[in-house]
Amino acid sequence: YQMNGILNEAHNGRHASLSKVVEFCMALGGKTPIHSVLVANNGMAAAKFMRSVRTWANETFGSEKAIQLIAMATPEDMRINAEHIRIADQFVEVPGGTNNNNYANVQLIVEIAVRTGVSAVWPGWGHASENPELPDALNANGIVFLGPPSSSMNALGDKVGSALIAQAAGVPTLPWSGSQVEIPLEVCLDSIPADMYRKACVSTTEEALASCQMIGYPAMIKASWGGGGKGIRKVNNDDDVRALFKQVQGEVPGSPIFIMRLASQSRHLEVQLLCDQYGNVAALHSRDCSVQRRHQKIIEEGPVTVAPRETVKELEQAARRLAKAVGYVGAATVEYLYSMETGEYYFLELNPRLQVEHPVTEWIAEVNLPAAQVAVGMGIPLWQVPEIRRFYGMDNGGGYDIWRKTAALATPFNFDEVDSQWPKGHCVAVRITSEDPDDGFKPTGGKVKEISFKRHVFAYGVSRAAAITNMSLALKEIQIRGEIHSNVDYTVDLLNASDFKENRIHTGWLDNRIAMRVQAERPPWYISVVGGALYKTITSNTDTVSEYVSYLVKGQIPPKHISLVHSTVSLNIEESKYTIETIRSGQGSYRLRMNGSVIEANVQTLCDGGLLMQLDGNSHVIYAEEEAGGTRLLIDGKTCLLQNDHDPSRLLAETPCKLLRFLVADGAHVEADVPYAEVEVMKMCMPLLSPAAGVINVLLSEGQPMQAGDLIARLDLDDPSAVKRAEPFNGSFPEMSLPIAASGQVHKRCATSLNAARMVLAGYDHPINKVVQDLVSCLDAPELPFLQWEELMSVLATRLPRLLKSELEGKYSEYKLNVGHGKSKDFPSKMLREIIEENLAHGSEKEIATNERLVEPLMSLLKSYEGGRESHAHFIVKSLFEDYLSVEELFSDGIQSDVIERLRQQHSKDLQKVVDIVLSHQGVRNKTKLILTLMEKLVYPNPAAYKDQLTRFSSLNHKRYYKLALKASELLEQTKLSELRTSIARSLSELEMFTEERTAISEIMGDLVTAPLPVEDALVSLFDCSDQTLQQRVIETYISRLYQPHLVKDSIQLKYQESGVIALWEFAEAHSEKRLGAMVIVKSLESVSAAIGAALKGTSRYASSEGNIMHIALLGADNQMHGTEDRYVHVQY
């Protein structure tokens, strides 16, 4: 066997503990010191015993390792790193498989106990704990059995035998198949005669029928060796007996079977006993386990509160008398049925072992039961055990840690004459089962992904109400995820039921609720719908991405389009069909549409596979599990089923099970809700009901194992049209707020709208006009830079050098104070930048480098505002343009499949990047709309600032970019015109500062006249120049360019009048007479008439000529053209 941290028996600490154990045993009147215990059990039972003994040993001997604990370990236990193996000092490997190979194998247990040299064996519950061969075999080898002697076990451990003994001892029993069997008590204590035992049992269906008819219905068919809900069935009539008797026989093979009258509207009460080797019996309070499902205890509590305390005392005294009568030793539980109407009670059975719910007693009695078992095993009388003395109010209580002081002073007392202290509080225990409350509590099985408890949960409170509240809160914290179902949320509903809270329950209460189809509380319908839609969408998107990446991994051409933004989901929930359109607006952001209503939700994937959903300002945790009937959602601990489309013609296995037998012949007709087969689930026999009427066609063989979803049979329906279908839901989502409350501050709104714009460019969906409108509004707000600066400083202030922080805060506060909080003054980016640069200039190289990295966010913000808010807007818009171009330039000239292949090679180590690029490209229509809207709002007034990116936009080569390329080209033309206008103005100016080498004006004007560039618009845009010399040169150059080579040399004349500028010139084509050209340049429509009149006065000598031309240029405020363009017309007369 193997050891966990125990070096050898000679260790000094070990010897010290051994001597303390001997001293303890002898001081308290014991006979056999127990130094080591073989724990012949596993799982929760073994772990609970070990922890209890460790606690007791530490308090008693000053070392938790004072008593050595040896575990048994099957290969299955080893594989899962079972807890009891890790806790133990040593472990012995034993064969795997069913428990007859290990924990229930008496010969193996005894052989290990002898080989390891243990002082005692603890059997726990289940396995070999009730096998009378084990205590006899251990006693024969001088090893203590921490349980009752075989005689007591034989007498009371058997349900039939214990009922006969109770009957003989005068303890009331319900009418049962052995009611007529009379045996003297002294005969029972040795061995119940076999013929008398058989008279109390039934062995055939006919005998069971006769017994039930004699005692009356309803009745219980019970297997004497059964327990935990196995081997017990309720029958209401003869047909039930014929159908269920075989099930009881099958669940507990070989067990004697008896019949007992069912006491309806009764409570199931228990008394915990502890008995020593000297005939002393302590009743350690009572428990109530009336909340049962198919006779398996679901909720247990203590002490009993439904019966008067006097009646509870009677129950305790009757249990003590029964145990004393058979010389019982160790821990035991006596069970009763109690009638709330009459106040009468009836003996049910005695369990000769510690029960799984014993911590309820430990809480209310303040007694460590496993430790008490060890003390009893040492031969210590109960009146010497400090915890027992305290329980009975003796003066020497206080716990094991003061045993040296109390041992000599303790005196015996008569347990028949003393009363225990009534519990100071209340304890509630809940059994967590892997059953489906929505399907008749059928057992379920499968893989478990997460579990956060050990089968039972216990809660304590100063009162029953407080204990119930504490248990309800504890259950809501439990996490169970996997293929199994559980009764957790259903049990929370039970605890909150008024009948339970007001103590009006009985043993049939839970089964009645199940029969009435009372279900646990469900999540609100809209939360189930939104959660289900998001889960289905995310699952589908994940599968789509995985499939796409698999193509890339294999070097294959993936599908041209992947749908990751828009999808439609149909959900069947509780007979309603919901159709929801989901629109993805970001990595974890969604809009959901249903019947014209729209809501928003955020969702994140948790590391354990769950989803964290934010909806209407609240968070919800969602887990999902696919199963045969659909998708089971666990939302905030409450269950919701997204049902598959129901097809009653397919009879499916809903959980892993074994097909025992068909109850109808192949080809037979079955009615709806009638059993057609029986299956075995977790060693329990369960019927399968037909969902509709029809003819059954069997597909599997009896005895065949099945998995969830396996097709058992087909059903030819009598009336396919009668099958109930889910009805379409025509309602709307309720009014909901945003998933997360939105801030009204400008810088927060700016960040939100900018993020939305970036999400559009990443391929997601947002309303473009609203995004741009919000962004432009925020960028234009005077307070924006101030709020952005303050937010950055709140993050960095504690990390900045003290002097820098002080100076920045002082100067900034002073500036804001002077300008009224910055609402009417520019942001002081230059001042703040100079402060930072000045402070960074001092210190070592390492300090400077560190501080530069630290202030980088501040410097980035300040640089973006160096040219004011417009400069910052340029910075933002350029970054958005770059996001667009970085993706779309990849697809501009190439075939998509070729582009993706290049991307696959480039990002071979991170193919998700390829998916992200493709997703972005698929949103090109929305992206282009965003860029065009930004151009209209922010680029048009100053296109020159975006010249490089506009050039790249204009070069995009595909019909999908046509509008964008055209708009970019138009803006570039406007940019070129602006630049040309500037160049011309500089060239024709009189100021020498605009050129290093002055060229003759006549040459410059000549070059402009013959320039290949279209300079006309630029020249016209300078007509309104306030510099008269420059204006004259521009007008002359314009006329010369327009009329060359037909212009008559030196014929241009300019006149400046109040109405405007008038230009006259002569031109002549080859072999034709001279004609007149005229131009009037005015700034208002009101001046046009006067200017034309003045021009015509100077052209009187040409009045008879044809082909004269007049040009009219309207400049200034009355011009309705965009930008600086002028309105220009010419008239031929």
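Mentor: A charge sits over a ring if NZ of Lys or CZ of Arg is within 6 Å of the ring centre and within 35 degrees of the ring normal. Please keep in mind that this is a predicted model.

Trainee: Which ring does the charged end of Lys927 sit over?

Mentor: That of Tyr884, with the charged end 5.3 Å from the ring centre. Likewise, the charged end of Arg464 sits over the ring of Phe500, 4.8 Å from its centre.

Trainee: Is Phe500 buried or exposed?

Mentor: Phe500 counts as buried because its relative accessibility is 0%, below the 20% cut-off.

Trainee: And how many aromatic pairs does the structure hold?

Mentor: There are 28. One of them is the stacked pair of Phe500 and Trp509, at 6.5 Å centre to centre and 25° between the planes. Trp509 is buried too, at 6% relative accessibility. The pair of Trp525 and Phe729 is tilted, because the ring planes stand at 50°, with the centres 5.0 Å apart.

Trainee: Where do Trp525 and Phe729 lie?

Mentor: Trp525 is in helix α22, and Phe729 is in the loop between β37 and α23, so the pair ties together parts 204 residues apart in sequence.

Trainee: Changing topic, what is the strand order in the open sheet of 3 strands?

Mentor: The order is β8-β7-β9, with antiparallel pairing. β8 and β9 are at the edges with a single partner each, so one side of each has no neighbour in the sheet.

Trainee: What does helix α11 touch there?

Mentor: Helix α11 packs on the sheet and touches β7, β8 and β9.

Methods: Residues are numbered from 1 along each chain as its sequence is written. This is a predicted model: local features need pLDDT of at least 70, side-chain atom pairs count only at pLDDT 80 or more; totals for chains, interfaces and linings use all residues. Side-chain values use heavy atoms; hydrogens and water are left out. Two strands pair if DSSP finds at least two bridges between them. Helices (H or I, at least four residues) and strands (E, at least two) are DSSP runs, numbered from the N terminus. Contact means heavy atoms within 4.5 Å. Axes are lines fitted to C-alpha atoms, for helices over the stretch in contact, and angles run from 0 to 180 degrees between N-to-C directions. Rings of Phe, Tyr and Trp (its six-membered ring) pair if their centres lie within 6.5 Å; planes under 30 degrees apart count as stacked, over 60 as edge-to-face and the rest as tilted. Buried means under 20% relative accessible area, exposed over 50%, partly exposed in between (1.4 Å probe, protein chains only).
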